Amino acid sequence: MAFKKVGILQKGLSMDPAYPRHEVLIDTTLPDNLKEQPVYIYEPVKLPKFVADWINENLTTRKISKERFLRNIDFVMVITDASDETFKWYRHTENSSLIVAEAILYGYEIEDET
């Protein structure tokens, strides 16, 4: 999963490392046990550039909706004539459907080409 626990929300202070002193609003009507809940941040999935290009092409140029894309990623792979490189990545990467779905829903970063 691409969510990472970064701390506990306590006494109205943000646990986001980018804004450590940022105050957040806490609902004072909540029971005490709900006022100190774990705080998670999303860590974007890393994709090869060619996969990111394929996703962007389908969402923007071909205007396939996110909902339709997510409903059947395998079908979109076939009907859009994905490149051999993209198709190989999709077939040989564990949980590739989940990775593509998370990229579409939450965003992604491009892998470093080393």
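## A walk through the chain

Before you click, note that this is a predicted model: local features need pLDDT of at least 70, side-chain atom pairs count only at pLDDT 80 or more, and totals for chains, interfaces and linings use all residues. Residues are numbered from 1 along each chain as its sequence is written, and side-chain values use heavy atoms, with hydrogens and water left out.

**Stop 1: the whole chain.** Show it as a cartoon, and you have six helices and four strands; here helices (H or I, at least four residues) and strands (E, at least two) are DSSP runs, numbered from the N terminus. Read from the N terminus on, the order is β-α-β-β-α-α-α-α-α-β. Among contacts (heavy atoms within 4.5 Å) between residues at least 6 apart in sequence, 61% join residues at least 24 apart. Of the 114 residues, 27% are buried, where buried means under 20% relative accessible area, exposed over 50%, and partly exposed in between (1.4 Å probe, protein chains only).

**Stop 2: the core.** Select Leu-47, Trp-54, Ile-55, Phe-69, Trp-89 and Val-100, which touch the most other members of the 19-residue largest nonpolar core. Such a core is a set of buried Ala, Val, Leu, Ile, Met, Phe, Trp, Tyr and Cys residues joined through side-chain atoms within 4.5 Å. Which elements give two or more residues to this core? They are β3 (45–47), α2 (49–61), α4 (73–79), α5 (84–92) and α6 (96–106), with α6 giving the most, five residues. Now centre on Leu-47: leaving aside neighbours within four places in sequence, its contacts include Ile-55, Trp-89, Ile-99, Ala-103 and Tyr-108.

**Stop 3: along α6.** Colour the buried residues of α6: Ser-96, Ile-99, Val-100, Ala-101, Glu-102, Ala-103 and Ile-104. Just past the helix, Gly-107 has a positive phi of about 100 degrees.

**Stop 4: Asn-58.** Go to helix α2 and pick Asn-58. Buried or exposed? Asn-58 is buried, at 0% relative accessibility. A polar atom of the Asn-58 side chain lies 2.8 Å from the backbone oxygen of Trp-54. Not counting residues up to four places away in sequence, Asn-58 touches Lys-63, Ile-64, Phe-69, Val-76 and Thr-80.

**Stop 5: Lys-63.** From there, hop to Lys-63, in the loop between α2 and α3 (66–71). Lys-63 is exposed, at 67% relative accessibility, and a polar atom of its side chain lies 3.5 Å from the backbone oxygen of Thr-60. Check the backbone too: Lys-63 isn't a glycine, yet its phi is positive, near 55 degrees. Most residues other than glycine have a negative phi.

**Stop 6: Asn-95.** Here's another one: Asn-95 isn't a glycine either, and its phi is positive at about 60 degrees. Asn-95 sits in the loop between α5 and α6, and it is partly exposed, with a relative accessible area of 48%.

**Last stop: Val-78.** Select Val-78 in helix α4; it is exposed, at 52% relative accessible area.

How values were computed
A polar contact is a pair of N or O atoms within 3.5 Å; within protein, one must be able to donate a hydrogen and the other to accept it, and residues adjacent in sequence count only if both atoms are side-chain atoms.
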